[in-house]
Amino acid sequence: MKCKGTSLGTSRPRLVKRVTGTHVAAAVSTSKPATLHQKLYGFHIEPPLVKEQEPEIPKKDAFAKVLRGQIIAFLRGEGQAESTDADYKTFSDVSIDDCDLILEAIAEDDNHQFNRYKISYSPSSKQLVATLPTPIHENLLKPLRDAIDGALASLDIEGLGNFIVQMNSTLRGLGEAGSTEKSLGTPDALLEFHDEDGGRVQLWGTEVTFSQTRDAAIAKLQRSVTLNPHMRAVTLFDILENHRHSPPTESSDAFRKLSKKKKVVSYHKWLQKDDSPVFGPVTGFTHTWVSSLTVVVSTWLRPDDGPFDLYDHNPRYFATARLCPDTDITGLENLQHLFHRTFASLRDATISYMEEVMAEEESSVSSDNSDAEDESSVEDKSDIAEVSSEETDDSPDPFELVRAWVPPMSPIDWKAIMKQLRNAARQTGYTRYSTYHEKLIKRTAEEAEISPRASKRAKRS
């Protein structure tokens, strides 16, 4: 009968076996004694039990928690398919709080499991982008680092400190002089000034984006300049592949050709001499490994007053130009002028930093001397103060030569950057090809090994 249980999902009261004797009071509540109808046929009726419901986690929060776990697992390399050839992966619907929690997990990682990926986040689109460094990142930074080193070589700071361009590896704590800046928000390259006492200050950051959104890169740089009040400038190389790369399909001519080759072709044999990287696609075995690139360079200089807002395109503190295709000559000239002003700003910021350091040292020494000196007359103290004042006025300015330094008018060699872009595009294409071909050779060998076993089992059966 349907009325004898609750497993049918009905809302009727539960039937409970009636007890007799002294246990009746325990079975039936004294506050609500059983009526005649409740005692029919040896049963009494209890009202349905109501379970206390545990507070449910909102679906939105539960989804965010799962998403964070998936992102962290991906960054650690867990659960990724062996055939994954993507240079980057984009995660959508990531809130700013989720991003902060993910970055905290990266910062607390002691085994550097996350160092394989570069992380950027766009608050407006709520997208987190994990990018694998490519030859384009490294090759493009080299001529820029050479230009910065060459320009600052003429700035006489001997005895004061050194300028060091920290690259991605040292910024992540792997170099001898790792940056104090956390890796989670750092650009690809960071110019720092290191004083003789071990202090350091970050001055100029550079980010290279490839196959990721410009918005995410700018948000990353904005975070960096907001957290670092000493940062004087940031530069962004925004490189966009006009068509996202996909490996050859099994029905393609490239797949058929590569399936017949048992070894990966060397870089020099693979390279097509007639291709035109940067301005055109990089091809090999009839497949496009890198499509045509669009490269835009932008630089921001910290204003003399007011916030450092990268979304403010005031021409006094912002310049941008297209490198390719259709090189913007006028825009590159404006960039050179802003780079000239950037080096002047670096000079002034370095002087201000060293003046602060020296003032702190003098204050510390003065405090120690005042504690140690004996009491003396008021006349003696006034004489000492007068002599000290005269000595201070006559002392030479330790930054006289630094203040007089004039930065080069055209510090950046655009031809060198274009050459490195061309090489980087080819190397990125070859990396994609060789990775794909190695996996194809391995898969073909495994299939060939399995095939004889399957045929033997078929014969036996």
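Guide: Here are some labels and the values behind them, all from a predicted model.

Visitor: Okay, why is Thr428 called buried?

Guide: Buried means under 20% relative accessible area. Thr428 comes in at 2%, so it counts as buried.

Visitor: Where is Thr428, and what does it touch?

Guide: You'll find Thr428 in helix α12, residues 414-460. Leaving out residues up to four places away in sequence, Thr428 touches Thr134, Pro135, Ile136, Phe210 and Val290.

Visitor: What makes Thr286 count as buried or exposed?

Guide: The cut-off for exposed is over 50%. Thr286 has a relative accessible area of 56%, so Thr286 is exposed. Thr286 sits in the loop between β10 (282-284) and β11 (287-290). Its backbone is worth a look too: Thr286 isn't a glycine, yet has a positive phi of about 60°.

Visitor: What is phi of Asp326, and where is the residue found?

Guide: Phi is near 55°, a positive value in a residue other than glycine. Asp326 is in the loop between β13 and α9.

Visitor: Which peptide bond is cis, and what is its omega?

Guide: The bond from Cys324 to Pro325 is cis, with omega near -10°. Pro325 is placed in the loop between β13 (318-324) and α9 (329-372).

Note on methods:
Residues are numbered from 1 along each chain as its sequence is written. This is a predicted model: local features need pLDDT of at least 70, side-chain atom pairs count only at pLDDT 80 or more; totals for chains, interfaces and linings use all residues. Side-chain values use heavy atoms; hydrogens and water are left out. Helices (H or I, at least four residues) and strands (E, at least two) are DSSP runs, numbered from the N terminus. Buried means under 20% relative accessible area, exposed over 50%, partly exposed in between (1.4 Å probe, protein chains only). Contact means heavy atoms within 4.5 Å.
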